[in-house]
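Student: I've got a model open and I'd like to talk through it with you. Can we start with the ligand and then move on to the strands?

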Amino acid sequence: MPDGTSVAAETLLSVERLEAWYGESHVLHGVSISVRKGEVVTLLGRNGAGKTTTLRAIMGLVGRRSGSILFEGRETIGLSPDGIGRAGIAYCPEERGIFASLDVTENLLLPPRVRPGGLDLETIYTLFPNLKERARSPGTKLSGGEQQMLAIARILRTGAPLLLLDEPTEGLAPVIVQQIGRMIREIKARGFTVLLVEQNFRFAQTVADRHYVMEHGRVVDTVANHEMAGAMDRLHEYLGV
Ligand code: ATP
């Protein structure tokens with residue numbers, strides 16, 4: 001899809017000069033990113049570059065943060081994690097957080113709805129038939145790929161328009177990575193907006209409109225997806241692959 005399609009769309013998330021600390025450790029140093037409605041945007045970078053911390057700081061899950069995080073034009077920097085969730089930002093952490101003792105349907109029904117427009121159970125099962133097949137399976141019996149799909153599907157129910165996904169492909173076999181890719185494209189087609197942390201830029205290229213590259217807690221580059229081919233040399237350098 002041409003990247004130009006989203007140029008005129010309104011900005012959904014605008015992060016400006018974001019600083020974040022874990023205790024005494026100063027991890028983010030003035031991160032500025034923006035995500036327009038309907039876009040899929042990635043944060044790329046090596047281990048420890050600050051990608052996860054950026055998502056956690058947007059959710060208010062770091063020790064301390066400063067700067068500005070406008071969501072739908074409203075400042076969220078003073079809100080609690082719960083308030084940020086209710087404002088319409090959903091977070092799918094790398095560890096997925098599936099409840100082992102609950103089955104797939106129960107896991108799906110767990111997060112509270114924050115606004116209308118979330119997908120109902122039937123739609124989720126139609127879109128992701130793998131999950132439907134496992135509807136009665138407890139979390140413990142799911143493969144890594146099924147757990148990841150469930151963790152993403154679960155936040156689609158809430159109606160949050162902005163989804164923060166932390167490395168959904170990590171540790172998954174290539175065929176499952178392709179399924180996750182299809183899932184993200186489907187989510188975008190349904191009008192959701194996604195900010196995605198990835199180390200795998202080949203995967204990122206198949207789902208995203210734009211990419212930010214992070215190093216040492218800073219954004220050091222930004223690449224539109226249609227410019228990826230020409231940016232391969234510098235991406236290899238940044239990402240060390
Ligand atoms: P990864 O893919 O390894 O998660 P990342 O780009 O997401 O990489 P972060 O997890 O955001 O990087 O880590 C950024 C820096 O913050 C690293 O130096 C890391 O050691 C540090 N850090 C992360 N979590 C904590 C924590 N809970 N307490 C203290 N320091 C932390």
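Student: In this predicted model, how far is a backbone N or O atom of Thr52 from an oxygen atom of the ligand?

Tutor: A polar contact here needs N or O atoms within 3.5 Å. Thr52 brings a backbone N or O atom to an oxygen atom of the ligand, and the distance is 2.7 Å.

Student: And which residues reach ligand oxygen atoms with their side chains?

Tutor: Look at Lys51 to begin with: a polar atom of its side chain sits 2.8 Å from a ligand oxygen. For the other, an N or O atom in the side chain is 3.1 Å from an oxygen atom of the ligand, and that residue is Gln199.

Student: What percentage of the ligand's exposed area does the protein bury?

Tutor: Start with the ligand taken alone, which exposes 630 Å². Of that area, the protein buries 58%.

Student: Which helix gives the largest share of the shell around the ligand?

Tutor: The shell includes Lys51, Thr52 and Thr53. The largest share is three residues, and they come from a helix spanning residues 51-58, namely α1.

Student: By class, how many residues of the shell are charged?

Tutor: Go through the classes: three residues are nonpolar and six are polar. Among the shell residues are Arg46, Lys51 and Glu167, and Lys, Arg and Glu count as charged. The charged count is three.

Student: Now the open sheet: which are its edge strands?

Tutor: Four strands make up this sheet, with antiparallel pairing, in the order β2-β1-β4-β5. An edge strand pairs on one side only, and that gives β2 (25-36) and β5 (74-75).

Student: Last one: which residue in the turn between β9 and β10 has a positive phi?

Tutor: β9 (residues 210-215) and β10 (residues 218-224) run antiparallel, joined by six bridges. Glu215 has Arg218 in β10 as its bridge partner. The hairpin leaves two residues between the strands, and the one with a positive phi of about 50° is His216.

Methods: Residues are numbered from 1 along each chain as its sequence is written. This is a predicted model: local features need pLDDT of at least 70, side-chain atom pairs count only at pLDDT 80 or more; totals for chains, interfaces and linings use all residues. Side-chain values use heavy atoms; hydrogens and water are left out. A residue is near a molecule or strand if one of its heavy atoms lies within 4 Å of it. A polar contact is a pair of N or O atoms within 3.5 Å; within protein, one must be able to donate a hydrogen and the other to accept it, and residues adjacent in sequence count only if both atoms are side-chain atoms. Accessible areas come from the Shrake-Rupley method with a 1.4 Å probe; for residues, only the protein chains shown count as cover. Two strands pair if DSSP finds at least two bridges between them.
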